[in-house]
Amino acid sequence: MDGNAWGLLLQGAWTTAWISGVSILLGVFLGLVVALLRLAKIPFLDQLLGAYISLARATPLVTLILFIFLSGPTLGINLNRSTAAIMALTLNTTAFNAEIWRSAFNNFSKEQREAAMAVGMTPWVYFRRIMLPQTVITSLPNLVNEMSFLVKGSPAIAVIGIVDLTRVTNRISAVTYDPLPPILAAGALYMAMIGLLVWGQRIAERKANRLAM
Amino acid sequence: MPEQPEVSIRNLSKSFDGIEVLRDVDLEVKSGEVVSILGSSGSGKSTLLRCINWLETPDRGEIRINGERIGLQDKTQKPMSRRELAKVRTQLGMVFQSFNLWPHLNVLRNVTEALIYVQGLKKSDAVERAMAFLHKVGMAEKAASYPATLSGGQKQRVAIARALAMQPKVMLFDEPTSALDPELVGEVLSVMKDLSSEGYTMIIVTHEMDFARNVSDQVVFLEKGIIIEKSAPEIFFHSPRSERVRRFLELDKVV
């Protein structure tokens, strides 16, 4: 592999990283919002969100990406490829994250809630100061797991013509006729990305352990 | 005019799944009074205490703290908003059987959290007040520790400081020593005894007979959701009117 090939590879890695990164951030936040809306058990909205979660979890990523990218023009919206990819990844990961948040909230201790109510905390203050800080820590392993699934599933975005870290290896080997080196390099770069996520999780957990939880 | 009671409970009734846990309970607690609520388990005594600050919603009846209604709007009889309810609750401090400290916050922050985010105190003022109350319960040296590192007795003293720091009008204790190892009961009871001599109004659900005898002004005995005896401790422990209380006290002597 020459310098040019490495340049292409890193470009592909960057595409994978930023599209995944944006989707992860959106997905964690929107998952939290969906979980909270579902906890509020608002009629109709609750069923709607429940249906969305089942649907999003059952749809293959490639299908979802194609659907979003191709349905855009029909609805008169001109989506560029990256936006369509981010939308699809976010829709998918939000559904899984919502279930992770929801189970953490449902399992949260009733006693701590009563102590908060007894000192006159409003539900919002209780959520913000008592429940959320602890559920972030307990949900983190599952959330990071879901993040790494997203990164590993991200090659699906190549189906609408985005040249991501997997797709780019094809391009390189089409020139060099030697597919193994770029694939191995891509594998190493994926491992580096996942490693970064897991490393971040460890630091957060160590911080939590220092709090003697 | 007689003095307005600090807590007044009238016709309080509560059922769980069709089983009546409290039936037409009336109780008045005057300012500075210590009331012990006794009864065998399942008698409804914890439910009664939890109704006072609306952690359980009664089916019927009314509760007033210093004349102010809790739970329902006085005029419309409609439930209070959660914000209104939270405001009334700041007049009541509660101590739980299982301490219910917040494990992600250290001792100091367990006490300051509500001072800052409920009462709106400046952080420095909150810390100052919290340290004063931690000192009172003998936990000032542990201010930086996390709950997981404390003994049960220490946890309960922190929980007492957390409730006291809000400067409530009434303190509610729900079996505060029942989850403690026997050798740790004394430290918690001695803090509570100090509070009673300082004139705090206290309602205590307890199994500690000696404590009830020596510290309370009024002893209430609940049986199947009904108050069957309500008297001064001298009368309650020496010449109770009801046969049921006599049996309860005898059992206690045997054990």
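A charge sits over a ring if NZ of Lys or CZ of Arg is within 6 Å of the ring centre and within 35 degrees of the ring normal. This is a predicted model, where local features need pLDDT of at least 70 and side-chain atom pairs count only at pLDDT 80 or more. Residues are numbered from 1 along each chain as its sequence is written, and side-chain values use heavy atoms.

**Exercise 1.** Find which ring the charged end of Arg162(B) sits over.

*Solution.* Start at Arg162(B) and look for Trp102(B): the charged end sits over that ring, 4.3 Å from its centre. Now try Arg213(B), whose charged end is over the ring of Phe237(B), with 4.8 Å to the centre.

**Exercise 2.** Work out how the rings of Trp101(A) and Phe105(A) are arranged.

*Solution.* First, the rule: rings of Phe, Tyr and Trp (its six-membered ring) pair if their centres lie within 6.5 Å, and planes under 30 degrees apart count as stacked, over 60 as edge-to-face and the rest as tilted. That gives 7 aromatic pairs over all chains. Here the centres are 6.1 Å apart and the planes of Trp101(A) and Phe105(A) at 20 degrees, so this pair is stacked. Next, check burial (buried means under 20% relative accessible area, exposed over 50%, partly exposed in between, with a 1.4 Å probe and protein chains only). Trp101(A) is buried at 4% relative accessibility, and Phe105(A) is buried at 5%.

**Exercise 3.** Classify the pair Phe108(A) and Tyr126(A).

*Solution.* Their ring centres are 6.4 Å apart and the planes of Phe108(A) and Tyr126(A) stand at 55 degrees, so call it tilted. Both Phe108(A) and Tyr126(A) are buried.

Note on methods
Chains lettered and ligands numbered in written order.
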